[in-house]
Each structure stands twice: as C-alpha cells, then as structure tokens.
Amino acid sequence: MEPSELKRSKDSPNSDESTRRSSFPDEVLERVLSLLKSHRDRSSVSLVCKDWYNAERWSRTHVFIGNCYSVSPEIVARRFPKIRSVTLKGKPRFSDFNLVPENWGADIHAWLVVFAAKYPFLEELRLKRMAISDESLEFLAVSFPNFKALSLLSCDGFSTNGLAAIATHCKNLTELDIQENGIDDKGGSWLSCFPESFTSLEVLNFANLSSDINFDALERLVGRCKSMRVLKLNRSVSLEQLQRLLVNAPQLAELGTGSFSEELTFRQYVELESALSNCKNMHTLSGLWDAKGIYLPALYPVCTHLTFLNLSYAALRSDELAKLLAHCPRLKRLWVLDTVEDKGLEAVGLNCPLLEELRVFPADPFDEEIIHGVTEAGFVAVSFGCPRLHYVLYFCRQMTNAAVATIVQNCPDFTHFRLCIMNPGQPDYITNEPMDEAFGAVVKTCTKLQRLSVSGRLTDLTFEYIGRYAKNLETLSVAFAGSSDWGMQCVMGGCSKLRKLEIRDCPFGNAALLSGLEKYESMRSLWMSACNVTMNGCRLLAREMPRLNVEVMKEDGSDDSQADKVYVYRSIAGPRRDAPPSVLTL
Amino acid sequence: MENDLNLKATELRLGLPGSDEPERQMTPRPNKRTLSDIVSEGSRSTTEEDHQDNAPPAKVQIVGWPPVRSYRKNCLQGKKDEVEGGTGMYVKVSVDGAPYLRKIDLKVYRSYPQLLLALENMFKLTIGAYSEREGYNGSNYAPTYEDRDGDWMLVGDVPWEMFISSCKRLRIMKGSEARGLGCV
C-alpha cells in the first residue's frame, strides 16, 4: 500500500495529540497490521484506540460476517474501504434440516449492489446458507473485473444458468467451489462456457451437480489450467474419464472422483492405477460414489500420502474399509458411512494413529427397522487407537455413559464433540439411565471443548455440567433434552464464551429465554424451536434488549400465544426489512 | 429418579394442538431389538391389518431429525433407488480376486442348479453341490448374495422364488473364507 494512497479525514478532536504521542507513523502501523489475518485479532486491534481502529480498517482486505443480518452492507463499506474478499453466512444452521421457512431471507443481492459500487476490485466471495438467484450471479459475473474466487456452501435459489454466467464472464477466475447447495440443475452445458483462452482455474468443485457435463470440454479445461490443484467431479464422470483427466493433471492436490464403479477392462484398470500413482501431491480424496471394493486397490499408491479421505458417499463394508486403511497411515481426517460398522472403525483405530478428525454419517438415517450402523464399540475402538482425535461427528443408534467416559479419557483434547444418538431421548441402552454422565465426562475432561452437540435422554443435570465445566464452549446444539428451565439457565449463566446456541424440542420456556437477557448481545445468535416459549416472553425480550433482533416464525394452525420458532441475534443494522410474512420481528 | 420428560408438552406433531394422538412416536426405545423381535412384530402387524384400532400407528417422521443435510439424504437415496431398481432381475456378480464384475439376468434361470452352472461357466470355476447342512463344503468357492436388508446370505438356503425377489447382488467368495462357511 503506497503512502500516497492514504486519504483519511482526521476529524477526531484528539488527532493532533495522538499523532504527536504515537511512536509509529500511520503508514508503518498499517503496514504492520496488514500482516494480521485473523479477523478476531483484527477486532481486538481495532479496540485499542482510535488510531489503531483507523489503521486497522484501512488495512483490512478480508471481512468475515457470521450473520448477514447483524450488519448492513452500507455499514461494512463505510468502515472498510479496501475489501477484496468477503465471507458471508446467512440462514440459521437448522435451515439445513428444513426447519426454516422457504423464503426466509439472506438474499445476497443487496450486498452485491453495494459491493459493485464500493468494492469494484472485489476478488473473492464465500457464501454459506445464503439465497442467490441466477440474476445475482450474472450481476456478480459482470460487475467485478478482477473477480477470482466464488465459493457457495449450502446456498439455494440458483441454477446452472448462473454458473454459466460466471464461467462466461469471469476472465480471472481461480476458484469455483459449489458445495452441497440446493441448486436447480438444468444440465451440464455451463462447463462449456469457459472460453478456450481461459487458463487460470485452480479450484473446480462441481461434485454437487448431477447432470452430465461435456467431457471433452472438461478435459480441455483441465488440460490447459496447469495450476489446477483441486478438482472435484460429479457422479456422471466415469472411471475411464477420470483416468484421462488425471493423465493431464498429475499435480492435483485434492481429487473428488466421479462414480467409482463400472466395468473396466483389465487394461483400463491398470491405466487408472498408473495415473493415480503419478499424483504425488495428492493429499485429499473424496467422491468415490458407488465404490466397489474391487477397484479400491487402484487407490493404494495415493493412500500413502493422504491426509483427508472422504468416503461419505461410498457405502463400504468393514472389510473393504479395513483393506483400504491399511494403506493410509498418515490419515488425519476421515469421513465414512456407518455401513463400515464397528469392525470398520476398529480398523481405523489400528491403522490411523495420526487421526484428528472422524465423521461417521448414517447411510439409512430414517429407517428404524435397520439394525446396522455403528455402536459405542466402534467409537471406543477408535479412541484407543487415535489419541490425537479432537473432532468427531458420530451418528449411532446406541450409546452408553461408560463408553463415552472411556472415549474422552483416551482422547482428552476434543475441541468438537458432536454425538447424535438417532432415536430422540434414548437412554444408556445398558443401564437405562439418562446420558447425563456421558456429557458430564466430556465437559469435565475436555477443557478445550469449543463445540458440543448432545443427544439421547438428558435431564437438567447435563446442562448443570455444561454450565459448570464447559468454559471454552462456543457452540451448543440441543435437541429433545432437558427437564426444565433450569437446564438452559445453567448454560446461559455458566458458559461465558458461548456464541451460538440452537435448541429444538426441549422443555425450556420464558424463564429460560429471559435468563440470557444480558448474554445475547455477546452471542452471534440463539435459536429455539418447539420449546415452551411464548409470544409474550419474546416481546419482553425484544422490549428489554433493543439491540437484539427477536424474530418469531409461526407455524400454520399453532396456538396464537406460542412462539413456535424463535431466532434472536444481535445487530447494528436494526430490524430487517426483508422478512417474509411468516416471520414476525418483535 | 427423573423419568418423565413431559415430552407431550413439547411434542412435535402433525395434528392440531388440542387433538390427542397415542403417544407412541416419541417414546424412546431403550432396548436394542433383536432380529427375532422385528420378524415377529412384522408378522403380527400383517395379521392385524383388518383391526385398525389394534394396528400400530404409521411411523411419523420428525421434521429435520436426525440432523442430516437434505443434500446428503438425496445423494444416498439416489444410490439406493439405483440398486433396488434392479428388480428387472439384472444383478452384478463379483468374484473375489477378479478385477471386474459381471452382470447376469436372474430371470433367465429357473433353479439354483441352473444358476450355479451358469456362474461356473462364466468364471471358469467349480462351485459344486449345495447341501443344507454343509453349504458348499468341499469347494474353494461359495456363492453368496446380498439381500434387501443388506445382509450377506449363502445361496441356496431359501426357496428359489424368495431368493430372486430378495437378491440384490451376488458375490462368489473364495478360499478359506468360503470353506469356513460350511461349518457355520
């Protein structure tokens, strides 16, 4: 940043004094601060004094907005004049599970309009749970000549036509990352919209899309983008096609395969194995749809240096997983389906001593008749073999307090502990007691715990434990748990670092809601649905805390006095004006 | 000891508030059901089809639970449908150690011996004769199949008609694993 570029009005009354007293010229301060990347550090820096606040705002190039309604685009643009990269999150997390009405909001367009005026040199946009239309994508594509990176996670409202606009107009695009979105897939022709002269793509992820793409266009694209390091294909890409792509892109660091099953000739199999073994930089592997054990050996050469293996779309059996993992000694992150069962998880414990993260997803989450999947035994087996484990997401149909106590004894460094016992309110299946002691053990032992999701039959005791011990907890998810207001009161009173609290189907009422009165301003948001909160309770909260937005979503046919779904969040932008009729702002 | 969570007050249901429904959907099931429990329950409900008041209520799915993203649900469902759509009778056949699979049309065969002969010819191996007591003892190969529940069963145990209606895919096991099946 050139000193001559710096223009600011020193209208602060203390400016002369502070310039005299300050030992750093502003230019130096800004230069130093420009090296700060963490947005939390930057927030702290901005609070030191007015000079530092100004220096920080002028040197900030990336802004992270955890709740799009906490601030307005105008306010952001006014404070930060030099933004190149924006991360925005919109809807409450429970929208992923259909608990938020369709047209709730979080539309990106108003933001884009302001950005086009104030940040014409915007390069990156990362959105999570936002609503985006094709018109917005087209607007984005033509408004920012330097635009480089677009990442959409769990967004909706757009179709492949919007992607076509991006591919057509963004001449400097380096990243197109489309993940897990509600996208209207109208066909694969969007990929053919990248011009033949276009060579800058480094990240391409279209695994989300189901339509066939023009493979020739893809092959040419991959061939000419020599800096490509991340390529995640969709299911329509065959094994034979994968081999042809890999031959031209051995430099890939992250690969998401297409469908991993079809009939290959022996020669095709050998060629595939050879192409994979040439990928010496590959550390992340995903995709593997419909993977059949028979072809997995082709992956062995890549497995030796893999650190992240995502098998959550490949319904492997325990023996198939075990054979594969024998070749993956360096694995740090593993995502699997519960088809691998406890035996498969035993293999994890035996083969992956460096494992830090494990996610086990349910293959048949809605079928109660199936007695498959994983149990407490699998989790315990992993904990014995993987002492470095600190992130777990585990869907199971049975659990015991004793097992969890053993697990955290083996792995005391958990930062993220998300346990989902799939039958709501299910107790310890051996002792028939509530799962209170399990989560008590978690919070007592894992002092670094930042994120916790609880499940099973839980009384207020669980929440007493959480309030008393989980002093670093930032995110808590609760469902079908607790006995009375006291539970939630314990959490609100004890968890000083709490930022996000989401609750559904719990017996917490107004007293619980209002116990957090002073806390909500230091939190990002609170969600309560199907609890015992009433409209009056919400009105009281809204009245007492004017800097909070208190929104209630009513369901058809429900009692007038019940607040079916409540969403509370701090905001400096005031109540939002784009709420649909089903959302009442109090 | 607390055992009443007052779930009724917080129950998420489809009916209007005030209308009562039997409290069966949300009752936690503390005991793991054994296979025999499921089988007996299943047969019980079919005989009681005519007695509406005695029949178990339809399972109500709780919105958004378990917390699995819609995207992930749809992906896996797509795969499931693909597999079950094979009641056009074409099933995949894998043989341990072979680099690729084959597909056969089960409709073409009328009996187990016919099927086994076809498999022997296709893969150039010997499976031999089935005996109820010892399976395919004496052979290096054992034909198995995956049924609708996802379990791997020995080919030959159930009547032919039942077999072809429940068979999703075939796997011919080889070697010690196969020989061990005879003693099960």
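At the start of helix 8 of chain A, a side-chain oxygen of Ser159(A) reaches to within 3.0 Å of the backbone nitrogen of Asn161(A). This is a predicted model, in which local features need pLDDT of at least 70 and side-chain atom pairs count only at pLDDT 80 or more, while totals for chains, interfaces and linings use all residues. Residues are numbered from 1 along each chain as its sequence is written, chains are lettered from A and ligands numbered from 1 in the order in which they are written, and side-chain values use heavy atoms, with hydrogens and water left out. Helices (H or I, at least four residues) and strands (E, at least two) are DSSP runs, numbered from the N terminus.

**Helix 8**

- Seven of the ten residues of helix 8 (residues 160–169) of chain A are buried (under 20% relative accessible area, with a 1.4 Å probe and protein chains only).
- Among these buried residues are Thr160(A), Gly162(A) and Leu163(A).
- Their cover includes helix 7 (134–143) and strand 4 (149–153) of chain A, where contact means heavy atoms within 4.5 Å.

**Helices 10 and 11**

- Buried residues of helix 10 (residues 239–248) of chain A include Leu239(A), Leu242(A) and Leu246(A).
- These three also take part in the meeting with helix 11 of chain A, where the partners include Leu272(A) and Leu276(A).
- The axes of the two helices, helix 10 and helix 11 of chain A, come within 9 Å and cross at roughly 40° (lines fitted to C-alpha atoms over the stretch in contact, with angles from 0 to 180 degrees between N-to-C directions).

**Helices 18 and 19**

- Helix 18 (residues 460–469) and helix 19 (residues 485–494) of chain A have axes that come within 8 Å and cross at roughly 5°.
- Helix 18 and helix 19 of chain A are therefore roughly parallel to each other (angles under 35 degrees).
- Phe463(A) and Ile466(A) are among the residues of helix 18 of chain A that meet helix 19 of chain A, whose side includes Trp486(A) and Val491(A).

**Glu56(A)**

- Glu56(A) sits in helix 4 (residues 50–59) of chain A, and counts as buried because its relative accessibility is 0%.
- Its side chain makes a polar contact with the side chain of Arg60(A) at 2.8 Å (a pair of N or O atoms within 3.5 Å; within protein, one must be able to donate a hydrogen and the other to accept it, and residues adjacent in sequence count only if both atoms are side-chain atoms).
- Beyond neighbours within four places in sequence, Glu56(A) is in contact with residues including Arg42(A), Arg79(A) and Phe80(A).

Note on methods
Buried < 20%, exposed > 50% of the residue type's maximum accessible area, 1.4 Å probe, protein only. Parallel < 35°, antiparallel > 145°, perpendicular 65-115°, else oblique.
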